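Have the model open while you read, and take the points in order.

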Amino acid sequence: GVFPEAVRSYRDFFFERDFRVNTSRLNRSTLDSTVVQRIETLLGEPSDGGLDFAIEQLYTAFEQASLIPEDIGLRSLILTKAESVVKQFRDIDQRVNELRSDMFVKTRFSIQEVNRITAEIANLNKEIGKFPTEEAAAIFVDQRSELLIKLAKYGDVTVSNDRGGAININLGNMPVIAGTERYNLDIRESV
């Protein structure tokens, strides 16, 4: 018969690192694109009904009134166009506050998910440490690798080896796991 002597993981460290880096970049680019689209919508640009158009209409009214300053109708037009610009700024302010609130809620959810993932990884580090070699703990190492890919969706993940098969993890420049210790992330809304 055949007797297995060891189970080896054939995951490639460099491939996984590159995959995590590219996953992080893709998610960052997608988020940037989404935010830019929301800001364009928020500003009503590019369109004929946005802030740029309203300001252009106000300047045109000023130019017309400068040619015939005694015309009451042109002065009234300036006031109407100025009110339109003020309304645009108020609408933009309201939408910026809504966007800010929405982004805060999404960021809070993301931080909760990062904390959940890092808790699982820290527990897996403890489990891996109970085995004499990483090969003996292959199933836990594979689970940890999958969690690292999930974590990469939230930022740049840097991994370094620690003793006992554990790993240290930085998310961006912030340490989130040192061996079996983990550090929770938190967010507070400022005014």
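1. Two strands count as paired if DSSP finds at least two bridges between them. Strands (E, at least two residues) and helices (H or I, at least four) are DSSP runs, numbered from the N terminus. Keep in mind that this is a predicted model, where local features need pLDDT of at least 70, side-chain atom pairs count only at pLDDT 80 or more, and totals for chains, interfaces and linings use all residues. Residues are numbered from 1 along each chain as its sequence is written, and side-chain values use heavy atoms, leaving out hydrogens and water.

2. Start with the sheet. It is open, built from four strands in the order E1-E2-E3-E4, with antiparallel pairing. At the edges sit E1 (157-161) and E4 (181-182), each pairing on one side only.

3. Now look at E2 and E3: they're antiparallel and share four bridges. Leu171 has Met174 in E3 as its bridge partner. The hairpin here has two residues between the strands, and Gly172 takes a positive phi near 70°.

4. Who stands opposite whom? Ala178 faces Glu181 in E4, and Ile177 is opposite Arg182 in E4. This hairpin also has two residues between its strands, with Gly179 at a positive phi near 70°.

5. H3 touches E2 (167-171), E3 and E4, where contact means heavy atoms within 4.5 Å. The direction of H3 makes about 35° with that of E3, while H4 lies across E1 and E2, running at about 10° to E2.

6. How do H3 and H4 cross? The axes of H3 (residues 72-129) and H4 (residues 138-152) come within 10 Å and cross at roughly 160°. Axes are lines fitted to C-alpha atoms, for helices over the stretch in contact, and angles run from 0 to 180 degrees between N-to-C directions. H3 and H4 are therefore roughly antiparallel (over 145 degrees). Among the residues that meet are Val114, Ile117 and Leu124 in H3, with Phe140, Leu147 and Leu151 in H4.

7. Leaving aside neighbours within four places in sequence, Thr23 is in contact with Ile149, Ala152 and Lys153.

How values were computed
Parallel < 35°, antiparallel > 145°, perpendicular 65-115°, else oblique.
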